[in-house]
Amino acid sequence: MKPKAKKRSTRICVGLFFLLGGIEYAVILPTLWLYLEHRFDSEQWFFGVVFAAFCFSNLLSSPLFGFWVDYTQKTKPAILFANLFEIGGNFLYFVAWSKYWVLGARLISGIGAGIGAGIFAQIARTTTEEERTGIYSIAMALRHFGLLVGPGLNLFLRELNIKLGPFKIDAYTAPGIFMAIMWVLLEVFMLLFYFDLPVLHSVEREDFSDYSINSQAGSSVGQKSASPHFENRSINGYVVERRSYSPYSQNVNGDLTDPNSCVDEERSELLNTTAGGFHEPLKKPSVMNKWHLTKDLIREEVIVILASQFMMFFNETAFEALVTPLSEYLLGWKEIQNSILYCLIALQAILVFILVKKLSRKISDRWLMVIGVASEGLALIWYLFMLANAKPYESRVLPTLTVGTLLIVFGVPFFSVANISLYSKITDEKTQGIAQGIRRSVSGLAMIIGPLWGGALLHRLYVMLGVMAALEVILTLMIFLSFHRLKAPSKQMPTPYSEIIADNERQPLLA
């Protein structure tokens, strides 16, 4: 398969992963409470535990899968292994014979979802900074598309009432067996059509014998060996040529020579330079030499991004937990109206993600974050003044909810996509897996605490919205004070290596 075809099929596989993640959320959760209540006579508090179980195991597994991907530099085996947890968890959800098996099923499925950290790391390593934000936007839009089509699939699944051996497939168990089949199909698709694409922004030490680094003027280090073909690549901002040698090369006198002597000469000359992140040893560095996580994650800009991730996801999930009971309390809406509401929200989110993809090439990540934070802040201020003291069935309730929801759904894609993209650019490329795992753990913690906070304060909206607005103010101050650091580090050619290039340029070409 050609490289372009491999790249295309790999991105399709990644898109299918996020699509199924959204479908699973939209298919499982609407019937989860009814499953626990009607089939196992479960208490209401236990529903909250099961709801949080998925996020909890995701929180724990994300850094582990990230470590795996960074250690092996391979994403495909990790994805295939993680999908087994999704398959097993959803099948267990289907055959569960007690409420505790349902809890275990969601815990197991959450472990499989943790591979998202490794997939985000793979995207970061195999895309340019210019296109990365757009790729993240597409991936997250596909997840929301899954949220959009999920309720439609539920309309079909709820009508099933058949026997599969000793197991009954009905409205409560059908989502489990359906998602298990979907993850099995994805496993096969990943096995056949997913490829570990080459990293764009770094060169393994063992590859130095095939590459020479050129100055902007076009001269190269060690041009003594003749070569019939050059393949240009851009690595860390430098122009790199891959040389294809014939069995023998000609020296300057026209004599045939062993190419290994020329290659060894170029290799030694190149490896004696220590500029631009190219280090001396040819051997692959040990894992411990790569891992500078302490220094990497305690920097100001990284802390700001992780803190903003927590605050925004806390506010978002707290409001998500409030939407359904609030619409029932203030508007008297039932299941159908809420399903339509969520479909419209998912549709708007998809359109905004597409807009973010278009704007990402013209607007920097930090300004995209500002747009998202500003939109969320306006929504919270609007709710605080217009919704906190609203009474059931007042004429202003529906317009207030409509405007506020539009602002929130508009802001979330801007913030979340820019946050992930910028985080990938300011953290070490070699440890993207563990870094993305930590980021997903932070968001997972917010997704556990947020619903607990929002669900408990339905009748004390001033307290709930006031705390959320205060977090928004803190976030705004953090971004304002650290704004100058919230950008990808510039890639300039280091001085020592520049001096070496300049010296080479002053030498005669045939010297």
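Q: Within what distance do the axes of helix H5 and helix H6 come, and at what angle do they cross?
A: In this predicted model, the axes of H5 (residues 116-125) and H6 (residues 129-157) come within 9 Å and cross at roughly 150 degrees.

Q: What makes H5 and H6 roughly antiparallel?
A: It's the angle. Anything over 145 degrees counts as roughly antiparallel, and these two axes cross at roughly 150 degrees, so H5 is roughly antiparallel to H6. The crossing of H5 and H6 is also right-handed.

Q: Which residues of H5 and H6 meet?
A: On the H5 side you'll find Phe120, Ile123 and Ala124, and they meet Arg132, Ile135 and Tyr136 of H6. Sorted by class, this contact has five nonpolar residues, one charged residue and no polar ones.

Q: Why are H1 and H3 called roughly parallel?
A: Again, look at the angle. The axes of H1 (residues 3-40) and H3 (residues 76-95) cross at roughly 20 degrees and come within 13 Å. Angles under 35 degrees count as roughly parallel, so that is the label H1 and H3 get. Their crossing is left-handed.

Q: Which residues does H1 bring to its contact with H3?
A: H1 brings Phe17, Glu24, Ile28, Thr31, Leu32 and Tyr35, while H3 answers with Asn83, Glu86, Asn90, Tyr93 and Phe94. This contact divides into six nonpolar, three polar and two charged residues.

Q: How do you know that Glu131 and Arg11 form a salt bridge?
A: Check the distance from nitrogen to oxygen. The cut-off is 4 Å, and the side chains of Glu131 and Arg11 meet at 3.7 Å, so the pair qualifies. The two partners come from distant parts of the chain: Glu131 is in helix H6, Arg11 is in helix H1, and they are 120 residues apart.

Q: What makes the pair of Arg125 and Asp70 a salt bridge?
A: The N to O distance for Arg125 and Asp70 is 2.1 Å, and a salt bridge asks for a value within 4 Å.

Q: How do you know whether Arg125 and Asp70 are buried or exposed?
A: Set each value against the 20% limit. Arg125 has 6% relative accessibility, so it counts as buried. Asp70 has 1%, so it counts as buried too.

Q: How many salt bridges does a search of the whole structure find?
A: Ten. There is also a network of salt bridges, which links Arg299, Glu300, Glu301 and Arg485.

Q: Why is Asp41 called exposed?
A: Exposed means over 50% relative accessible area. Asp41 has 65%, so it is exposed. Asp41 lies in the loop between H1 and H2 and has a positive phi of about 55 degrees, although it is not a glycine.

Q: And why does Gln73 count as partly exposed?
A: With a relative accessible area of 22%, Gln73 falls between 20% and 50%, so it is partly exposed. Gln73 is in the loop between H2 and H3. Its phi is near 60 degrees, a positive value in a residue other than glycine.

How values were computed:
Residues are numbered from 1 along each chain as its sequence is written. This is a predicted model: local features need pLDDT of at least 70, side-chain atom pairs count only at pLDDT 80 or more; totals for chains, interfaces and linings use all residues. Side-chain values use heavy atoms; hydrogens and water are left out. Axes are lines fitted to C-alpha atoms, for helices over the stretch in contact, and angles run from 0 to 180 degrees between N-to-C directions. Helices (H or I, at least four residues) and strands (E, at least two) are DSSP runs, numbered from the N terminus. Angles under 35 degrees count as roughly parallel, over 145 as roughly antiparallel, 65 to 115 as roughly perpendicular and the rest as oblique. A crossing is left-handed if the near helix is turned anticlockwise from the far one by less than a right angle, and right-handed if clockwise. Contact means heavy atoms within 4.5 Å. Ala, Val, Leu, Ile, Met, Phe, Trp, Tyr, Cys and Pro count as nonpolar, Asp, Glu, Lys and Arg as charged, and the others, Gly among them, as polar. Buried means under 20% relative accessible area, exposed over 50%, partly exposed in between (1.4 Å probe, protein chains only).
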